[in-house]
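Me: Here's the model I'd like to go through with you. Let's take it piece by piece.
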Amino acid sequence: MLNKFSGMAALCVLLACSTNSRADDIQDANKLLKQGQTAQALEKVNAVLASKPKDAQARFLKGLIVNEQGNAAEAIKIFTALTDDYPELPEPYNNLAVLYASQGQYDKAKVALEMAIRTHPSYATAHENLGDIYAKMASQAYDRALQLDKSNASTQTKLALIRDLFGKSARVTKPAATVVAAAPVAAASVATVTPTAPASSANNGDANDAVLNATREWAAAWSAQDSAKYLSFYAPEFNTPDGMDRAAWEAQRKERIAKPASIEVTLNGINVNARDTENASVSFNQNYRASHLKSASHKTLVWVKHGTQWQIVEERSGK
Amino acid sequence: MPRTPYALLLWLCFASTALAEPASREMEASLAKSLQAVRNNHLDVALTEVDALLKSHPNFKLAQLVKGDLLMARAQQIKGFGSAANAPKDQLQDLRDEANARLQRVQQQQPVGIPQYLWKMNEAQRYAVVVDTSKATLYLFENVRGEPKYVTDFYISVGKKGTDKIVEGDKKTPLGVYFIDGHLNKQQLDDFYGSEAFTLDYPNEWDTRQGRNGKGIWLHGTPSDTYSRPPRASNGCVVLANNDLKQLGRHLQIGNTPIIIADQMRWSDADDQVNRSELLAAIEQWRKDWASRDTETYLKHYARDFSIGKTSFSEFAQQKRLVNSAKTWIKVQLTHLSVFPYPNQEGLVVVNFEQDYSSNNLSNRMHKRQYWVKREGRWKIIYEGAA
């Protein structure tokens, strides 16, 4: 499913946003876009661009806004210009690819993603999207080979789904610098739910072991492609990436877990930090190897003990 | 359903580099090249090759399937040839069959021999067609001073249910010696039959005698959205890609070009040549014996089970005795003699000629067709009539 549309946070990290009024305006515009007030958002962004026509962040946001307004052609123009001016940034390429894909121009989408990967070889979103593009192109070829009406329909459904996701667009996505392949997109800049209370020193050793076990079981369930068990590790209040609907997120996880012929998740450098007997976070280096994709990332799971069971309330990628 | 893995397909494919091949041959070579690249783990090369192929022939469904597999292999692990999800199994099997047939064609050497079915072409027959259904191949031979010389060959599809047609609607392709007897252009045809069609004279006299029926056996093209069809696809017709049919069609003469459909090509050998000489001698003897007015010797050339329609041998013999008794002289001349042995029917031969007959009280000229059979070492006529 081609749904990784890079949002603002990614770019923000790379460009090290300054804290001036321009940044405020952009943040406001971003907020307006989230609220669906695209006209006002556009006005704000245009105001920024009037004084700083080359501003990458403003242009990127404008691309998101005009796309949200249904003007994909203009969005493509904006992202294309961004790739010309900032060829080192993978996000504009990625979004260009998503837009091309939504128009069924898979060849162009493929080229754009390849460019994103060329600039950032470990850019997992682009890898994942490229996999989806190949699958789409394959299904097009299969359609022509076998005249599969069914698969035509499924292609259409997927594209419609992309538009739905655009509906919730301008969401905060993980920084491009982190690598999470075929894993939930961890929300990067969302406030953590970890209590700020200082860690209690009381017998946290048991908690340490229990959380460590839970983490290992979580990885094992993922490797076994047992999505029911894997999902059972996530607490009801789990922060889904980008504030995604829980059911949609679960469906997406199930699909991604089922799709590869095999998955192997290995963890090393595990560091358990139990704050008290019911709250702990576990950090580790995650090596993900699926049939056609390999990636390594640093990940943090925030666990909370519900009754007797430890459950994940947050999943973060990156340091 | 048996699954043909790539590995099995691949060992069959060794690139052939024949010169000045028709487009279809180039395409097959290109397809084989792509599959060979898969074997060598050069998936990019394989995709480039198949993409180039599809650029010129986007309706080549087999190539689309291979392309699908190559792309799918990048997205996820694939199970084998034709990994399309939810694909109808029979359609996939059809395309696997086509892949097998085409790869075998690529591997195959260009024929150097002469088929057993072309004993003698007449001087007006410039070309002859022989179909080997087991190889999904139609061969074109040119008449070079009386000798058949291989020109080219094409991938073809035949009946869904195979060969040896017996009754109308059995979806089988007839096996036998036929002649092109008509042409239909695009305007006269549904798109399904492609750019043109050549009609065959099935059922012929032998088929009718055997009680075989059905009609409308043609050589025709493919629908505009389809480059080629699986090896077994038609309701009995022989189907070629439109551009192949166009190329072949230039050499076909309505009412004259033989098309011999065999389910297993047999090539001429020394024994075959002996048989051929014997029959040619028997035909000449028959002519001489007729002209000699020695009716009983002449009638010995006819088999006991000879018949023309409802006329039995005894009725035929009686009539000949009566007619010949009134003759003081007979002259028989044969020209445009053609002799084509039947496939799948040892010792059955179709003989055609122009017969110039004259006698003291009657003269005529006709195109005659005879079916000769070899009975206990002797060639006999089992059917004769105007054609």
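Me: Start with β13 of chain B. Which strand do its 10 bridges join it to?
Reply: In chain B, 10 bridges join β13 (residues 330-341) to β14 (residues 348-359), and the two run antiparallel. Helices and strands here are DSSP runs numbered from the N terminus, helices being H or I with at least four residues and strands E with at least two. Two strands count as paired if DSSP finds at least two bridges between them.

Me: Before going on, what sort of model is this, and how is it numbered?
Reply: This is a predicted model, in which local features need pLDDT of at least 70, side-chain atom pairs count only at pLDDT 80 or more, and totals for chains, interfaces and linings use all residues. Residues are numbered from 1 along each chain as its sequence is written, while chains are lettered from A and ligands numbered from 1 in the order in which they are written.

Me: Back to β14(B). What is the bridge partner of Phe340(B) there?
Reply: Val350(B) is the partner of Phe340(B) in β14(B). The hairpin formed by β13(B) and β14(B) has 6 residues between the strands, and Asn344(B) in the turn has a positive phi of about 60°.

Me: And how many residues join β14(B) to β15(B)?
Reply: That hairpin passes through 3 residues. β14(B) and β15(B) (residues 363-375) run antiparallel, joined by 11 bridges. Gln355(B) stands opposite Met366(B) in β15(B).

Me: Now the open sheet in chain B. What is the strand order?
Reply: The 8 strands go β3-β2-β1-β10-β5-β6-β7-β9, with mixed pairing. β3 (147-155) and β9 (238-239) of chain B stand at the edges with a single partner strand each, so one side of each has no neighbour in the sheet.

Me: What about β5 and β6 of chain B, parallel or antiparallel?
Reply: They run antiparallel: 5 bridges join β5 (residues 176-185) to β6 (residues 196-200) in chain B. Leu184(B) stands opposite Ala197(B) in β6(B).

Me: Which strands does α7 of chain B lie across?
Reply: Helix α7 (residues 242-249) of chain B lies across β2 (137-144), β3, β6 and β7 (218-220) of chain B, at about 60° to β6(B). Axes are lines fitted to C-alpha atoms, for helices over the stretch in contact, and angles run from 0 to 180 degrees between N-to-C directions.

Me: Switching to the chain contact. How many residues does each chain give?
Reply: Chain A gives 19 residues and chain B gives 17. A contact means that two C-beta atoms, placed from the backbone, lie within 7 Å. On the chain A side, α8 (124-146) and α9 (149-167) each supply at least two residues. α8(A) gives the most, with 11 residues.

Me: And the core. Which residues touch the most other members of the largest one?
Reply: In that nonpolar core of 139 residues, they are Leu113(A), Val130(B) and Ile156(B). α8(A) provides the largest share, 12 residues. Such a core is a set of buried Ala, Val, Leu, Ile, Met, Phe, Trp, Tyr and Cys residues joined through C-beta atoms within 7 Å. A residue is buried with 20 or more other C-beta atoms within 10 Å of its own, exposed with 12 or fewer, and partly exposed in between, with C-beta atoms placed from the backbone.

Me: What does Ile156(B) touch?
Reply: Leaving out residues up to four places away in sequence, Ile156(B) touches Val131(B), Ala136(B), Thr137(B), Leu138(B), Val238(B), Val239(B) and Leu240(B). Another core of 20 residues lies apart from the largest one, and Phe238(A) and Leu301(A) are among its members.

Me: Is α4(B) mostly covered or exposed?
Reply: Mostly covered, since 13 of its 15 residues are buried.

Me: Where does Asn41(B) lie?
Reply: Asn41(B) is in the loop between α2 (23-39) and α3 (43-56) of chain B. Its phi is near 65°, positive in a residue other than glycine. Asn41(B) is exposed, with 8 other C-beta atoms within 10 Å.
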